[in-house]
Amino acid sequence: MIDKQIFKLQGVRQVFLQLIFVSLISGILSIIQTVFLTDALVKIWLQRNSSAWFLSVLFFLFAFTSRQLINYFRDQVTNRFSSTQTSTLKKMIDQKLYEQGPDLLNEKGSGSLLTLDYEGIDQVKTYLQNILSRSSDMFVIPWIILIYVIYENWFSGLILFLVFPLIIFFMAILGIAAQKKSDQQYTGFELLNNHFVDSIRGLETLKMLGVSQRYGRSVVSVSENYRRKTMRVLRVAFTSSFALDFFTTLSIAIEAVMLGIALINGKVALTAALSVLIISPDYFLPLRQFGEDYHANLNGKNALHRIFVLLAKPAPVVAEMNDFIWSDHTSLTIKNLNFTYENAANKALTNVNFKLTAFSKIGIIGSSGSGKTTLLNLLAGFLQADSSENPSFILNGQRINGLNAHAWQRQIGYIPQDPYIFSASIAENIAFYRPESSLAEIKKISERVGLTNFLDQLPDGLNTRIGEAQRGISGGQMQRIALARTLLDQKRKILLFDEPTAHLDIESEYALKQTIQPLMKDHLVIFATHRLHWLEQMDWILVLKDGRLVEQGSLTDLKNADGEFSKLLAKMASERQLHESKND
Ligand SMILES: Nc1ncnc2c1ncn2[C@@H]1O[C@H](COP(=O)(O)OP(=O)(O)OP(=O)(O)O)[C@@H](O)[C@H]1O
């Protein structure tokens with residue numbers, strides 16, 4: 001009945017043994033408390049003088065207070081344990097997120113990961129606080145009490161003993177039903193969070209398309225769905241509480257009647273009958289508390305399960321590579337590069353072969369979905385090539401076993417389509433990867449990427465806070481900041497650009513191009529783009545179509561070849577014409 005996955009946590013066995021010991025003492029104290037309370041009550045009933053029952057009351061109070069102290073100690077132990085465990089789990093989750101990279105975000109959704117990392121952790125904390133002490137109480141206390149009851153009155157003991165498996169049986173049935181409902185509820189919760197984060201992120205687009213209200217209604221309908229699932233879980237929880245209370249009350253009532261009859265017939269002493277009646281609810285108490293908390297903690301149990309599934313994800317293999325600096329003598333040959341996304345039916349890249357040399361400028365072109373971003377992510381080491389196809393990477397004549405290597409990634413500067421701007425000052429954003437940079441360095445690089453005019457207009461200059469809920473900035477300024485962030489680290493000699501000007505108007509694109517061009521000098525540049533004018537700056541062009549490298553060569557060669565590149569140009573030109581005629 002106890003959740004086995006808990007035993008994967010470090011140190012849980014010692015804590016559980018401590019709690020078993022605490023439950024043992026608590027059970028014994030409960031018997032002592034009952035014995036002295038009964039004794040005092042019977043003596044008061046028999047109208048003995050106070051000196052006869054005073055000592056019993058004192059012992060009762062002693063046992064009662066000790067029990068409360070023991071409970072306090074137990075809470076301290078479980079609180080400390082659950083806090084340590086959850087903070088360790090949180091660190092492990094964060095580490096896992098960084099280790100797995102953007103791929104995990106795509107797979108799970110940021111809402112779902114946020115739920116796990118914050119709310120899920122809180123639920124696990126409450127769950128751990130309750131489940132260990134409740135389980136240890138349930139394993140120990142009823143049996144100690146049962147021995148006492150059998151000693152006092154074997155028939156009452158028999159009733160208690162027979163009802164116990166009946167209650168366990170009902171709890172198990174309802175527990176299974178609750179587990180299923182709770183699983184559905186948790187999935188609904190994740191969906192709701194993903195949906196909500198999605199709608200907040202896409203609010204601007206939704207507003208622009210005039211569908212924000214419709215989307216708002218869909219969030220309402222998802223949350224309504226979640227509410228219904230929650231109510232179903234609660235229904236099962238209440239039914240099981242009712243069943244538990246019903247059986248325990250019924251068995252105590254039967255016991256009371258039987259003891260009453262035995263008392264009348266003089267077959268049992270008043271002290272024995274009273275003590276059995278007083279202690280019987282304590283026999284069921286651990287079971288009832290376990291049952292009640294079990295339902296309340298199902299979310300914690302689910303969250304813990306999901307955390308373990310996440311943590312069990314194998315770490316991407318980190319390739320071995322000695323530190324090096326990409327120079328004008330370096331080359332990297334890539335053969336048999338294949339890549340399939342998890343759960344995808346087809347390969348996103350098939351059998352791609354090419355060579356990167358020195359400080360050349362490589363353009364990647366292809367229609368939407370042809371695999372440009374995937375190729376860049378593979379080159380950045382964010383994604384791992386399908387190992388079944390035996391890819392080979394040869395760096396300066398030496399075979400290496402992949403690009404997910406620290407030495408490789410330290411050489412790379414990546415400028416994506418939508419660079420992420422952190423909620424911080426412009427200076428902090430620029431110095432994000434090199435926080436030790438001096439102000440002079442940050443100013444110099446800002447000047448190089450053409451941010452000076454923009455900064456001059458700001459009263460706080462480089463100290464202006466940007467990012468979420470701060471001052472807004474334009475797409476071009478965002479790209480410049482991302483560029484400055486990458487170029488601040490002069491050691492990064494390989495620049496990967498993923499359509500950096502895709503969202504800019506012609507003037508901004510032109511201005512940014514003037515900035516980028518000189519910065520590309522002395523760097524290996526790999527530039528994915530839809531815009532043809534960038535190709536004039538490239539020494540070598542890779543043409544992708546449906547995940548295959550269908551052509552490669554210099555711009556002049558490709559233009560003359562009348563192959564896939566020419567077809568792509570023709571297709572793009574006709575699309576542009578169509579677009580312009582629609583706009584006219
Ligand atoms: N996370 C993912 N899971 C499954 N399939 C994906 C994922 N990301 C991309 N794909 C698929 O892989 C293929 C290549 O996508 P990719 O983003 O690399 O194309 P692209 O050429 O960069 O497109 P665009 O120019 O529109 O950015 C597409 O068919 C796409 O649907």
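Helices here are DSSP runs of H or I with at least four residues, and strands are runs of E with at least two; both are numbered from the N terminus.

**Figure 1. Overview of the predicted model.** The protein chain holds 18 helices and twelve strands. Of its 584 residues, 35% are buried. Contacts with a separation of 6 or more are counted here; 78% of them join residues 24 or more positions apart.

**Figure 2. Two of the segments annotated as transmembrane, residues 12-32 and 233-254.** The unreviewed UniProt entry lists "transmembrane region" for residues 12-32, 52-70, 131-151, 157-178 and 233-254. In the predicted model, residues 233-254 are 100% helix and 0% strand. Their end C-alpha atoms lie 32 Å apart. Residues 12-32 are likewise 100% helix and 0% strand, with 30 Å between the end C-alpha atoms.

**Figure 3. The shell around the ligand.** Twelve residues surround the ligand. The closest are Tyr341, Ser368, Lys372, Thr373 and Thr374. Helix H10, residues 372-380, contributes the most to this shell, with three residues. By type, the shell has eight polar residues, three nonpolar and one charged.

**Figure 4. Leu310 in helix H9.** Helix H9 spans residues 298-311 and includes Leu310. Leu310 counts as buried because it has 20 C-beta neighbours inside 10 Å. Leaving out residues up to four places away in sequence, Leu310 touches Ile93, Lys96 and Leu116. Leu116 is 194 residues from Leu310 in sequence, yet their C-alpha atoms are 9.8 Å apart.

**Figure 5. Ser446 in helix H13.** Helix H13 runs over residues 439-448 and holds Ser446. Ser446 has 22 C-beta neighbours inside 10 Å and so counts as buried. Beyond residues up to four places away in sequence, its contacts are Ile430, Leu451, Thr452, Leu455, Leu462 and Ala484. Ser446 and Leu487 are separated by 41 residues in sequence and by 9.8 Å between C-alpha atoms.

**Figure 6. Helix H16 and its buried residues.** Glu509, Leu512 and Ile516 of H16 are buried. Helix H15 (475-487) is included in what covers the buried residues of H16.

**Figure 7. Nonpolar cores.** The largest core has 45 residues. Ile364, Leu496 and Phe527 have the most contacts inside it. Leu496 touches Leu376, Leu379, Ala380, Ile412, Tyr414 and Ile526, with residues up to four places away in sequence not counted. A second core is separate and has 25 residues, among them Val35, Phe36, Leu37 and Leu259.

**Figure 8. Positive phi at Ala358 and Asp562.** Most residues other than glycine have a negative phi. Ala358 has a positive phi, near 40 degrees. Ala358 sits in the loop between strand E2 (349-357) and strand E3 (361-366). With 13 C-beta neighbours inside 10 Å, Ala358 counts as partly exposed. Asp562 also has a positive phi, near 55 degrees. The loop that holds Asp562 runs between helix H17 (555-561) and helix H18 (564-583). Asp562 is exposed, because 9 other C-beta atoms lie within 10 Å.

Definitions and conventions
Residues numbered from 1 in each chain as written. Predicted model: local features only at pLDDT ≥ 70, side-chain atom pairs only at ≥ 80, totals over all residues. Near = placed C-beta within 6 Å. Nonpolar A, V, L, I, M, F, W, Y, C, P; charged D, E, K, R; others polar. Buried ≥ 20, exposed ≤ 12 C-beta atoms within 10 Å, placed from the backbone. Contact = placed C-beta atoms within 7 Å. UniProt positions renumbered as here; feature names shortened; annotations may be inferred. Core = buried A, V, L, I, M, F, W, Y, C linked by C-beta atoms within 7 Å.
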